[in-house]
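Thanks, everyone. Let me put the structure up, and then I'll walk you through it piece by piece.

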Number of protein chains: 6
Amino acid sequence: MTDSTHAAPAGPLLVISAHAGDFVWRAGGAIALTTAAGERAKVVCLSFGERGESARAWREGRNLEEIKAIRRKEAEKAAAELGAEIEFLDAGDYPLVESQQLVDRLVHIYREVEPAVVLTHTLSDPYNGDHPAAARMALQARILAQAVGYDAPGEPLGAPPVFFFEPHQPEQCDFKPDTLLDITPVWERKAQAMTCLPAQRHMWDYYTDLAKRRGVQLKRNAGPNLGLPADCQAEAFVRLYPQTTGVLA
Amino acid sequence: MTDSTHAAPAGPLLVISAHAGDFVWRAGGAIALTTAAGERAKVVCLSFGERGESARAWREGRNLEEIKAIRRKEAEKAAAELGAEIEFLDAGDYPLVESQQLVDRLVHIYREVEPAVVLTHTLSDPYNGDHPAAARMALQARILAQAVGYDAPGEPLGAPPVFFFEPHQPEQCDFKPDTLLDITPVWERKAQAMTCLPAQRHMWDYYTDLAKRRGVQLKRNAGPNLGLPADCQAEAFVRLYPQTTGVLA
Amino acid sequence: MTDSTHAAPAGPLLVISAHAGDFVWRAGGAIALTTAAGERAKVVCLSFGERGESARAWREGRNLEEIKAIRRKEAEKAAAELGAEIEFLDAGDYPLVESQQLVDRLVHIYREVEPAVVLTHTLSDPYNGDHPAAARMALQARILAQAVGYDAPGEPLGAPPVFFFEPHQPEQCDFKPDTLLDITPVWERKAQAMTCLPAQRHMWDYYTDLAKRRGVQLKRNAGPNLGLPADCQAEAFVRLYPQTTGVLA
Amino acid sequence: MTDSTHAAPAGPLLVISAHAGDFVWRAGGAIALTTAAGERAKVVCLSFGERGESARAWREGRNLEEIKAIRRKEAEKAAAELGAEIEFLDAGDYPLVESQQLVDRLVHIYREVEPAVVLTHTLSDPYNGDHPAAARMALQARILAQAVGYDAPGEPLGAPPVFFFEPHQPEQCDFKPDTLLDITPVWERKAQAMTCLPAQRHMWDYYTDLAKRRGVQLKRNAGPNLGLPADCQAEAFVRLYPQTTGVLA
Amino acid sequence: MTDSTHAAPAGPLLVISAHAGDFVWRAGGAIALTTAAGERAKVVCLSFGERGESARAWREGRNLEEIKAIRRKEAEKAAAELGAEIEFLDAGDYPLVESQQLVDRLVHIYREVEPAVVLTHTLSDPYNGDHPAAARMALQARILAQAVGYDAPGEPLGAPPVFFFEPHQPEQCDFKPDTLLDITPVWERKAQAMTCLPAQRHMWDYYTDLAKRRGVQLKRNAGPNLGLPADCQAEAFVRLYPQTTGVLA
Amino acid sequence: MTDSTHAAPAGPLLVISAHAGDFVWRAGGAIALTTAAGERAKVVCLSFGERGESARAWREGRNLEEIKAIRRKEAEKAAAELGAEIEFLDAGDYPLVESQQLVDRLVHIYREVEPAVVLTHTLSDPYNGDHPAAARMALQARILAQAVGYDAPGEPLGAPPVFFFEPHQPEQCDFKPDTLLDITPVWERKAQAMTCLPAQRHMWDYYTDLAKRRGVQLKRNAGPNLGLPADCQAEAFVRLYPQTTGVLA
């Protein structure tokens, strides 16, 4: 890693996810790095994951509205822990149905946030159709927000880079990481945010192990002489567009 | 582009190419950026391109030794223009035959230069077998140089990132750029270096056009609000290993 | 092939296809193996193939309702020959239009059948848009049926493996077989079922040849010493999800 | 998983690896399952990993012969723990140089062992050139051993399936698992075998975590109703050739 | 190039594009070759590109209807220059929303034009969602038009080959040219047609350079001895279906 | 198919294959079309297939020299039937070992034949390592023959297109046909040539069926209105380089 890795984020981070918990497991470190640097981070949850990712609550006999309220509360708490804003579009899950109305709401959010970086799901996920649906809408809205002719308040969007965050079974989603982000400095905050989601307790260990595993790869790819601590944590991402840069590193 | 793009290179640049002229067309900008920042850049030419890339000289009736001398002189001049060191391994071209002896020489060079960044050819090129051969040796030598048990002077190499530079027909070589490097600040030096290769005069325009074309893409992918000049020049690259970073940008 | 190949199917088979005849050509052997072992096999036809795969009947001047009736009758006869149940959703073809209503009907079927194995079309077919549309709905419904929160009768579905059956021009559909199923023991039943579809008589030879061709590959990949007969028949499939197993074979 | 997963292996297992430790981390479970079922398992190590995978010993000042002796002893101990035979071809590593002589030795081994299943490295590994070199030789030798005209003792080989075992950074090696092997019943033996390699102590935890992670995926892909224990361990593999089978499962 | 390259087009050309200007930049040469040979060429623009590709007009304060009128007029002029018919479906852009009604209109056009060759956008374009949407509808309509049972006037369509024309950033759209079309004989007409689109003046140079660049590749792939002029122009395409031919060339 | 498909071949055909029989099964039609048009066709067999493809002869107890003589005679007879010249380089098979000497011999052949079209094996074949080895040498030699500086008699080669012919298990070799060649006019000659290879009698039916199958695809992709006979035969190919053409068809 070169000096460039110590640079601060260049502006707001926008995270667009299908369900209420995704942003914590998959991008909690990236969010915490952004807010720790004093930049804005905004999380948009298209649904609460009320049908597809709340098995325990359903088994406990909760009804739909109760479950949505529980998941909202947990996600808000986790977002607060990470220093991020959070907004729920309540579009329903399992299935998350794509619509131009949803895309239009996302365009408005892009125009308001003016993100410097965008994070979303992978376009392929044979285990969860909501994830690609969210990603498709996130990408379509980004393009629409760039057009001066699109009727929404605010300035036309620039060209913020998009990163796909890590799915649960990366190889099956054709997720070949091209970016390993050192989240060691904010690991404790991510770990803390995970504890805000008690219904998915089995995920805590899983994503702690994953952070360590990606940390080993971070060290392996960064080389031995760069002052990384013995134990680091990392998150993996895949870029959609080419990196634009003034220096190779 | 974020502030990180103004960061200086972190150390020496090593360019490993098959023929004498490759480094100018494909990586002249990256080299000039490195040396302009006060860092060392070293170019290794495995051959002079004496058989495969000197058609005009053969047609003019020159013999092998004359052609090698001409190409050496031209490449040295171009390297000087770019501020780079240059070394010729004189391994022969068309075909460039892979050997452990050549790989071993490259290991010694890696250990001596301790590059922060490595540039070489793509692994696929259906128009030129020497290019993938050079790339395979460059990559194998990099791995060997990392092993403490490999018998060569110097310290085991770290894990410098490797970038493939742009081949002549990128799509046919499965070259999908993931890195667009702004070479506008050093464009004049690259243009000047190209003129040191008079035998390939038809390439001057071709690579001037290409730099402009990649510059348009640089602007398109960087977004409109980032202070890039109306006309920029860029070079395109593909990373072999994941980027390791402390910030998403 | 190891002993495991003589194991009986573990439970019901569910085949989801776009048109009335697909299940015979592409999966008749797999169906017959299942029913021969005493397990349930259910075929769901999203349409009758009344517009896109009934050219002869149209040329003979039949109207839409007549054609649907003909195709239903033929498919019922073929299913009976294979020992399978069959259900028609009559959703229309050319185009088969995807809808949440159709997906919901499939979810109900999954919950009722509780399949141990699922067969459907490939996700890519540049010759027939109905095939990928059927596959997308079959896959989405399978995921929804797994969610305890999805509102449909029955227990949440397990994780039955999904196999794509062979399209008409396999290479053009990126169909690279990873599973060759020995259908020799039930070949006669498949051949008999094909004769239930007289309007597509030209297909009888084509799929007889194909079974032989895949049989040759079965033998080639199984090895010469395994007691397969000189002439075998096979069907080719591609798995969507990793195989889970207790033994490598 | 169907009943077929409880089937016993059909015969000997042959593991061809580049370095002395590979078979433990990547295939220890598959080996132990084989020997637990009373079948033969043979490990062939093309080198000891004396240069490339013995960093600690070099740093401690050992010489080449000492290191080879240490690694041999450790690997023999691990193989014994797993119930496997082991043979070292001592072909050198970093680089492992391909040769027809080595391939010929492998042909002789194939003819002698008559494996029912073959395991080796992936054909792509940008971090370690010895792994693909070993895989290429393992595959070439398998094909040669099949030819009655190849001059080596024994009968022509059948067509044993080949599985690639998991590399250290799977996504970077284009390793998309298509087979998840339940190694829960023999996990303790694999764990014990890992402790026979004290020089790579940091790997113990890494591969314990990996087994758990692959175990979670095993359960996810096998479905919830199949009697797998709460915690399972798995190893991931990729098939080279199509599976031949008499039943879909 | 063999003699076959001097053959005349076999019949009408149909170009289906998302926006009003696409056909000029990407297929102007192919169109002009067709009409120069006395064959019909028809361009269908699904929208005017009024929102997404008319930035300058929006900045100048024009309203939606004005912009549509301007773009229609310009496109009509360019089509006339190329000798082509043009039809606007006015389906709206940014986003171009797919619908069965639009597809049905395209089916009617296919049945009326009976094209011998079809041109459309690539199926992947991460910079512009309208392009893949247009391509998907163009392909679906082509398949539907082939079915005798599809209710639209005219004869069932044959199987005209489909070519994807070149997107703005080819590598990012996975556009690997497999067909290089010599447009030198009609280059002046394409250049003239480009000048009919004054609002996109920056594109004139860009696509002039591109034609030259593809021309260099045309020469490189055709070989040196074939009588191509020193400077040629070309357009690049990708086939969707296999070429059917009576001669290899 | 357009009129261009009736064009005559533009010049000599060069077929470079690993073993003595390959050219008959995989390219017999293309060869016969060439010679029927009065053009030269030359077949180069790098080996006789004496070890890997002569199982029956080995089982009958023939020795190496006898087998080579038998295969030579059969192949010469088949070539004569097709009207082609044939040359054997006797480089050995199973394995066919790549060498610069062999490549150099191929360069000389290229310079002498000056082919207008080149046919060879696919670059991937997990069932037969000799096939990719032959292809790699064929491609390397073609590139070398283009260089004026390469020391061999004759003029520098142009840029003849290269087609890969069909392997035995096409999908497993990533063989996705992009060219379907109508060989109906010469089918009888190909069928006759196959009978010259009595030791591989089981292949006669296999490749007769394949020709029919590819013929069905030819008709499907050419469209119904083009005057192809009810039964046609075809051979499938994959291009390595982009097609250069003056007309889209």
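Start with B:Phe88. Leaving out residues up to four places away in sequence, B:Phe88 touches B:Ala20, B:Cys45, B:Phe48, B:Arg72, B:Ala75 and B:Glu76. Contact here means heavy atoms within 4.5 Å. B:Phe88 lies in strand β3, residues 85-88 of chain B. Helices (H or I, at least four residues) and strands (E, at least two) are DSSP runs, numbered from the N terminus. Buried or exposed: which is B:Phe88? B:Phe88 is buried, at 10% relative accessible area. Buried means under 20% relative accessible area, exposed over 50%, and partly exposed in between, with a 1.4 Å probe and protein chains only. B:Ile143 is 55 residues from B:Phe88 along the chain, and their C-alpha atoms are separated by 22 Å.

A word on ground rules. This is a predicted model, so local features need pLDDT of at least 70 and side-chain atom pairs count only at pLDDT 80 or more, while totals for chains, interfaces and linings use all residues. Residues are numbered from 1 along each chain as its sequence is written, chains are lettered from A and ligands numbered from 1 in the order in which they are written, and side-chain values use heavy atoms, with hydrogens and water left out.

Now the cysteines. How many disulfides does a search of the whole structure find? Zero, over all chains. A disulfide is a pair of cysteine sulfur atoms within 2.5 Å. Take B:Cys196: the nearest cysteine sulfur belongs to B:Cys45, 13 Å away. B:Cys196 counts as buried, at 7% relative accessibility. Over in chain E, the sulfur of E:Cys45 has its closest cysteine sulfur in E:Cys196, at 13 Å, too far for a bond. E:Cys45 is buried too, with a relative accessible area of 0%.

Stay in chain E for a helix. In α6, residues 187-194, the buried residues include E:Trp187, E:Lys190, E:Ala191, E:Ala193 and E:Met194. Seen down the axis of α6(E), the buried residues fall within an arc of 160°, so they line one face of the helix. That arc is taken over the directions from the helix axis to the C-beta atoms. What do these residues pack against? They pack against α1 (22-36), α3 (64-82), α7 (201-222) and β7 (234-239) of chain E.

Eight strands form an open, mixed sheet in the order β8(C)-β6(D)-β7(D)-β5(D)-β4(D)-β1(D)-β2(D)-β3(D). β8 (243-245) of chain C and β3 (85-88) of chain D stand at the edges, each with a single partner strand, so one side of each has no neighbour in the sheet. Two strands pair if DSSP finds at least two bridges between them. β8(C) pairs with β6 (residues 179-182) of chain D in the parallel sense, over three bridges. There, C:Gln243 stands opposite D:Thr179.

Last, how the chains relate. The same surface serves both: 100% of the contact residues of chain B recur in chain A. Superposition is by least squares on the C-alpha atoms of residues with pLDDT of at least 70 in both copies. Chain E goes onto chain A by a rotation of 120° with 0.0 Å of shift along its axis, RMSD 0.0 Å. That pair is thus related as by a three-fold rotation axis. No contact joins chain D and chain E, whose closest C-alpha atoms lie 19 Å apart.
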